[in-house]
Amino acid sequence: MFVTGSISIQDGSMELQQMRYVIAVAETNSFTRAAERCLVVQSALSHQIARLERELGAKLFERTSRRVRTTPAGEAFLPAARQCLDAAERAAAEVAAAVGEIRGQLRVGLIPTVAAVDIPVGLREFRTRYPHVQIRLRVAASEELAEQVEQGELDVAFLGLPITARPSGVAALELARDRLVALVAPDHPLATETAVDLRTLASEVFVDLPAGTAGRAQSDQAFAAAGLDRVIAYEVTTADSMMARLVEQGLGVAMLASRYVPRLRGVVAVEVTDAPMRVEYAVWSHSGSTPAAIAFLEVLGIASADATPDQ
């Protein structure tokens, strides 16, 4: 780290390492696991947190024999601590970039069905070019990822939204638009059809993403707009494994973006004449991207995050 300073508090000092320890305990709900994550002995971590609590004049954690839980003071401390660590790490990365090095962290988020870019291939190329960058990858729903980018927990994320929606709270660049197709088992009666419509599909049992997610909204809005109801018997979070397996076993049908479907096995894709569209975005903070994030977007062949975003 290039930045190792501290913040003065009363007669003591709040060190960046203490913030890291507090965040680790809050995220693991355990002093033992937090010490393992931070590569220190538990006694040293506990001592530093206790020292910080004395300086703050408030307990950050409630400790019992069974669990560790953040106090209201701890919850109030965490957002600012994360921002401070992010700022310090970004300052170090900016200094490294100024002398021609890309260092620090690259925190990437993506939906499971992203298809506009090949993230695994991109990460492999990025790691080869920039071996000193620590990569972190998180897979989640679009709305969750956008919130994490806005809060500074992720540097860049790749989302999929209905055509009626746009990312909020973040800068966004549209990457691609794609129409959803129906997925059926190879022995399903619809497997031999060239195309179907939503009315035909409405009589089927569905496998879909959880209610309230952007991925689910694409289909929900299309059926609602057509005045159709459908039965969703299976809600899953992973399209590439559980959703495809359930469809393959004939337990239901599903709808996914056509560009993603070729990655699946054991299912048949059928065009849907009145299918909804999905839009994929790359998003980053309105305050700009880290050098590592800019370099990663360039590896993917995407315009630099410092360029004017699609607003």
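The crossing of helices H1 and H2 is right-handed; a crossing is called right-handed if the near helix is turned clockwise from the far one by less than a right angle, and left-handed if anticlockwise. This is a predicted model, in which local features need pLDDT of at least 70 and side-chain atom pairs count only at pLDDT 80 or more, while totals for chains, interfaces and linings use all residues. Residues are numbered from 1 along each chain as its sequence is written, and side-chain values use heavy atoms, with hydrogens and water left out.

**Helix packing**

Helices (H or I, at least four residues) and strands (E, at least two) are DSSP runs, numbered from the N terminus. The axes of H1 and H2 lie 8 Å apart, and the two helices pack at an angle of about 130°. Such axes are lines fitted to C-alpha atoms, for helices over the stretch in contact, and the angles run from 0 to 180 degrees between N-to-C directions. H1 and H2 are therefore oblique to each other. For this term, angles under 35 degrees count as roughly parallel, over 145 as roughly antiparallel, 65 to 115 as roughly perpendicular and the rest as oblique.

A second pair is formed by helix H5 (residues 119–129) and helix H10 (residues 291–299), whose axes come within 9 Å and cross at roughly 120°. H5 and H10 are therefore oblique to each other, and their crossing is right-handed.

How many of the 9 residues of H10 are buried? The number is 8, so H10 is largely enclosed by the rest of the structure. Here buried means under 20% relative accessible area, exposed over 50%, and partly exposed in between (1.4 Å probe, protein chains only). Among the buried residues of H10 are Pro291, Ile294, Phe296 and Val299. Just after H10, Gly301 takes a positive phi of about 80°.

**Aromatic pairs**

A search of the whole structure finds 5 aromatic pairs. Rings of Phe, Tyr and Trp (its six-membered ring) pair if their centres lie within 6.5 Å; planes under 30 degrees apart count as stacked, over 60 as edge-to-face and the rest as tilted. Two of the pairs are set out below.

| Pair | Centre to centre | Angle between planes | Arrangement |
|---|---|---|---|
| Phe31 and Phe61 | 5.9 Å | 75° | edge-to-face |
| Phe206 and Phe223 | 5.5 Å | 80° | edge-to-face |

Phe31 lies in helix H2 (residues 31–38) and Phe61 in strand S3 (residues 61–63), so this pair ties together parts that are 30 residues apart in sequence. Phe31 and Phe61 are both buried.

The other pair also links distant parts of the chain, with Phe206 in strand S10 (residues 205–208) and Phe223 in helix H8 (residues 214–225), 17 residues apart. Phe206 and Phe223 are buried as well.

One aromatic cluster is formed by Phe126, Tyr130, Phe158 and Phe296. Phe296 is one of the buried residues of H10.

**Loops and single residues**

Most residues other than glycine have a negative phi. Asn29, however, has a positive phi near 55°. Asn29 lies in the loop between helix H1 (16–28) and H2, and is partly exposed, with a relative accessible area of 44%. Leu39 likewise has a positive phi of about 60° although it is not a glycine. Leu39 is found in the loop between H2 and helix H3 (42–56). Is Leu39 buried or exposed? At 76% relative accessibility, Leu39 counts as exposed.

Gln48 lies in helix H3 and is buried, with a relative accessible area of 19%. Gln48 and Met19 are 29 residues apart along the chain, and their C-alpha atoms are separated by 9.5 Å.

**Cysteines**

How many disulfides does a search of the whole structure find? The search finds 0 disulfides, a disulfide being a pair of cysteine sulfur atoms within 2.5 Å. Cys38 counts as partly exposed at 22% relative accessibility. Cys84 is also partly exposed, with a relative accessible area of 21%.
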